[in-house]
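Please walk through the structure shown here, with attention to its surface, its salt bridges, one of its pockets and a few points of backbone geometry.

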Amino acid sequence: MTGEPAAPDLAQYHHTAWSPQHGAPADIWALTQGHDGYLWLGTGHGLYRFDGVRFSAVSPAAGEQAQTNNITALYTARDGAIWIGYYLGGVSVLRTGRFTHYGAADGAPAGMVMGFAEDGAGRLWAASYDALSRLDGNRWLRVGDDWGYPATRADFVVADAAGALWVASPQRVHVLRPGAARFEDTGEAVAAIASLMPDRTDTMWVSDSRYGTRRLGGATRMPLPQPFLHLAWMRFDDDGRLWGTDRATGGLIRARTTSTAPLAPADVEAKIGEADGLASDHAIPLYRDAEGNFWVGTNLGLSRFRYNNVRAFPDGRFVQRFGYALTWSPALGVLASVDRTLHAIDGNGARALATLPQRIAALAPRRDGTVWALAGNSIYRVDDGRFEALPPAPAAGDFALLAPMADGGLVALHDALGLLRYDGAAWTRLGEGRIEPGASALLAASDGTVWLGYPNGSVAAWKDDRRTTHDLRAYTGVVGVLHESTAGLIVGGERGVAAIRDGRAHAVRIDDAARLRGITGIADETNGDLWLSGIAGVVRLRANQLDAARLGADAPVDARVFDAADGLPGVALQSAAANTAVRDGAGRLWLATNHGLAVVDPAKLHTNPVPPPIEILGIRGGADAFTPRDGVALPQGTSDLRIDYTALSLGNPDRVRFRYRLVGLDERWQEAGNRREAFYTNIPPGSYAFEVQAANDAGVWNTTGARLAFSITPRFTETRWFVALTALGVVAMLLVFYLRRVRLAADKVRVRLEERHLERERIARELHDTLLQSVHGLVLRFQAVANRLSDGDPARAALESALDRADGVIAEGRDRVRALRASQAHAMLALPEAFAALGAELAECTHVEFRVVVEGRMPELDRALRDEIYCIGREMLTNAFRHSEATRIEVEISRTRRHLRLRFRDNGRGIAEDVLQQGRAGHWGLAGMQERAQAIAAQFRLWSGAGRGTEAELVVPLIRGSLRERLRRALQEWRSAHEH
């Protein structure tokens, strides 16, 4: 039967000391914790605060300075104010960052201030060497006979949970009950200097230099013979034990409080002094913070004592170079080996059960109280101190691993035969050679499945003559341990942990993956929570985090880590042949480490329930520091930021985890680990908000966190106005450049078109003045010759026929000259007037009804563009008059904001379909109109049918983009003409 290890002494608490070499102040006389989470220290040379990592002096501003810096008392009021008492008298209060001092003129105590307390009514009291004082508004009043307090000084003042105020004078203890107007003499005699403190049951304890340390009983006690305990400060832990700083011999003590008599040195369970690591033996203030940590102030620094969740088993024999085996037997309790000896462990230590011929490497317990032990090359059965070797294996070789089976048998791995089963009489081979030797872990599950893990990261299962394997190399690496749990088979290895459930393998991941390295021990609680012991400590995983869906998503599970900071004496054995973690019958977990045995009681874990308060300490832009007030504006040119922050978890600040984000820049939270500063570079100007959250060592998050809104002032060149003006300037420059290019291109096209018109006019003049005149002269000469011939002469008839043909040529030539000069003839007319004049000319000697219809105001057109439009319309009207046989021809001209639209209609015989599609052989009218329309980026459409008349539409764009396209095409034509 195992019992719990003995109650821990102070050495088994995690103790950390800060000396002046570590930045701690010396000469500490008073301690308190503010509502902001800081630990405040009153010293002989000023006020300090501590966040668990850094000490910082807190100095009053000019005009707020007290008479002295020698502080002897500190107290945190219910409203969060920090009250300060001084060695030379006087009181100050620190509220919202500002100091207010009370001196003699304000009635403040003139002697050394010993302490402060608030009663149930919220009144503040001060104990000092010259008076018991009460704060009334902004003035301190001396308390005397009017309150029933007979003494002229007070050594200690404290309030209990009920709101009663207790005061120790140099002779007696007095109490002001809730609602009472006068103090009551308790009858408890004391000597100077006495201290008071209520315990967890609100029973008052008193300690002085004559009567020692005892419960306040109400009767005067006789002076005690030496030695006895005289404590300067007292505090109580969750187990009801008394902690105190010893005025008589120095240092810190922890004592039992079960005795009704004054405590004697025999009641002291543990004592720690400077030789044991305390900052100094000269210790006065003792404080217990909100997280349950004990703080001791000395004249050479500060010490902290944090409860260890992991307790070392005090037996140095288990620190073995070659390791040791560990298991639990329902009949014998916790069993552990030391070299060749098997021990049973209980509350009295380790008791030897048997000593085997060789060093014990692994143990497998049975329900009947016997134990199988692997020692050397043999397996032994140990029973009631006796042992015997099991029969040898059927072939030569060594046993490497063994495990108990649910049916009472034993399974072992043989390096030559593979798996062997022992039923109490003989060995039977399993798997018939299909199980490879060389496994590094072995487990016989409750359903009869035998599991083996291998150094190559594979896991094999053997059941009902069937073998299955899983490749876990990516998850675990070398397999170190196998464990059956409610979450499935848990596999621990060198590089991580995996779970096999329902034939599928899943990785087990936590935020800090390094904590799951070198896992050789796995145990579970009755509720299914898992404990994993490895090279980086012990990790606890909650059962509700290990469901298949969560593991299948490869999501990190919540984990709590226990390591040296929690009292773990070493790291998990890495060369063990069996599980290095077991659970005993009481639910405690036993761990085999390379520095001895350790035990954890999950039912008694100390969990820090306090979300850590967070404070943003400062913001630095480049080389300049700024006060971290909300809305702070950083100057122009700031691009690099450093933001300092902290979280007040005093017990284990190294385990505090932070995450932060810069709203306006970060899209998600940035995980910062335990780093207490954030860096940003190349930050553009704008408005931002820095948010930070923190979790304590137990994983309790402060999700409210801290927030700092700030802005970075932009330079003028970084403002939107500058960007807008720059953009407008660029657009204006581009527009000027574009318009210039358009003007140049338009000028080139205009020059080209004018040259074209001039050339046409020259050709028309040349035709008229040369060719037509010469042909006309020839005709006259031939006519003269014909007139000399007789009328019946065949030659005359031939000449007359030729002359008729020549007249036709002259007429056709005149028509061509007329066409070449037509645009010039109508160059000065607007399009409606030009088409009206052309229609009137074409309609002579015909019975065709012709009209021009205009809708809207005509735009001013470039001469070249107007000429191209006129040429298209002239071709359309000429064809209509000559070929359509129409009785009505109409031109409709309309203008919109973006287009000029022209329609030409007739009610003639129409155009044949084949001509409409392919044009008439030897004629280029339709093709020419299409080409002219393309040249000016216009759309030309033609509808016609036999007997239905003809309609053509020309749509000319008037917007700038179309002009650009028109000019682009014109330039292309110009380049093409010059290239050829």
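A residue counts as buried when its relative accessible area is under 20%, as exposed when that area is over 50%, and as partly exposed in between. The model is predicted, and every value below is computed from it.

Asp511 is a direct case for these cut-offs: its relative accessibility is 59%, so Asp511 counts as exposed. Asp511 forms a salt bridge with Arg657, and the closest N and O atoms of the two are 3.3 Å apart. The pair links distant parts of the chain, since Asp511 sits in the loop between β48 (504-508) and β49, Arg657 sits in strand β60 (residues 657-663), and 146 residues separate them. Arg657, at 30% relative accessibility, is classed as partly exposed.

Side chains of opposite charge can pair when their charged atoms come close. Across the whole structure, a search finds 48 salt bridges. One of them joins Arg241 and Glu269, with 2.8 Å between the closest N and O atoms. Arg241 belongs to the loop between β21 (231-236) and β22 (242-246), and Glu269 to strand β24 (residues 268-272), so this pair ties together parts that are 28 residues apart in sequence. With a relative accessible area of 19%, Arg241 is buried because the cut-off for that class is under 20%. Glu269 has a relative accessible area of 24% and is partly exposed.

Another salt bridge is formed by Glu525 and Arg540, whose closest N and O atoms lie 3.0 Å apart. Glu525 is in the loop between β49 and β50 (530-534), while Arg540 is in strand β51 (residues 537-541), so the pair ties together parts that are 15 residues apart in sequence. Both Glu525 and Arg540 are buried. Elsewhere, salt bridges that share partners join Arg851, Glu890, Glu892, Arg901, Arg903, Arg905, Arg941, Glu951 and Glu953 into one network.

The next topic is empty space. Rolling a probe the size of a water molecule over the atoms shows where such space is left. The second largest pocket has a volume of about 1,300 Å³. It is lined by 42 residues, and the closest to its centre are Thr327, Pro365, Pro404, Leu443 and Ala444. The elements that give two or more residues to this lining are β29 (326-329), β33 (360-365), β37 (399-404), β41 (441-444), β45 (479-485), β49 (521-524) and β53 (581-583). Strand β45 provides the largest share, five residues. By class, the lining of the second largest pocket has 26 nonpolar, eight polar and eight charged residues.

What of nonpolar side chains at the surface? Phe716, Trp721, Leu725 and Leu728 make a nonpolar surface patch of about 520 Å². Leu728 is placed in helix α2 (residues 720-788). The relative accessible area of Leu728 is 56%, so this residue is exposed.

Asn138 gives a view of the distances in the model. This residue is found in the loop between β12 (132-136) and β13 (139-143). At 62% relative accessibility, Asn138 counts as exposed. The C-alpha atoms of Asn138 and His483 are separated by 68 Å, and the two residues are 345 apart along the chain.

Some details of the backbone remain. Ala192 and Ile193 are joined by a cis peptide bond, with omega at about -5 degrees. Ile193 lies in the loop between β17 (184-189) and β18 (195-198).

Where do residues other than glycine have a positive phi? Thr96 is one of them, with phi near 50 degrees. Thr96 is placed in the loop between β8 (91-95) and β9 (98-102), and its relative accessible area of 78% makes this residue exposed. Asp202 also has a positive phi, near 70 degrees. Asp202 is found in the loop between β18 and β19 (204-208). The relative accessible area of Asp202 is 27%, so this residue is partly exposed.

Key: Residues are numbered from 1 along each chain as its sequence is written. This is a predicted model: local features need pLDDT of at least 70, side-chain atom pairs count only at pLDDT 80 or more; totals for chains, interfaces and linings use all residues. Side-chain values use heavy atoms; hydrogens and water are left out. On a 1 Å grid over the protein atoms alone, a cavity is a set of points where a 1.4 Å probe fits but cannot get out, and a pocket is an open set with protein on both sides within 12 Å along at least five of seven lines; lining residues have an atom within 4 Å of a point. Grid points are joined across faces, edges and corners, and a volume is the space filled by probe spheres set on the points. Helices (H or I, at least four residues) and strands (E, at least two) are DSSP runs, numbered from the N terminus. Ala, Val, Leu, Ile, Met, Phe, Trp, Tyr, Cys and Pro count as nonpolar, Asp, Glu, Lys and Arg as charged, and the others, Gly among them, as polar. Patches are made of residues with over 30% relative accessible area and no salt bridge: like charges are joined within 9 Å, nonpolar side chains (Val, Leu, Ile, Met, Phe, Trp, Tyr) within 5 Å. Accessible areas come from the Shrake-Rupley method with a 1.4 Å probe; for residues, only the protein chains shown count as cover. A salt bridge is a side-chain nitrogen of Lys or Arg within 4 Å of a carboxyl oxygen of Asp or Glu. Buried means under 20% relative accessible area, exposed over 50%, partly exposed in between (1.4 Å probe, protein chains only).
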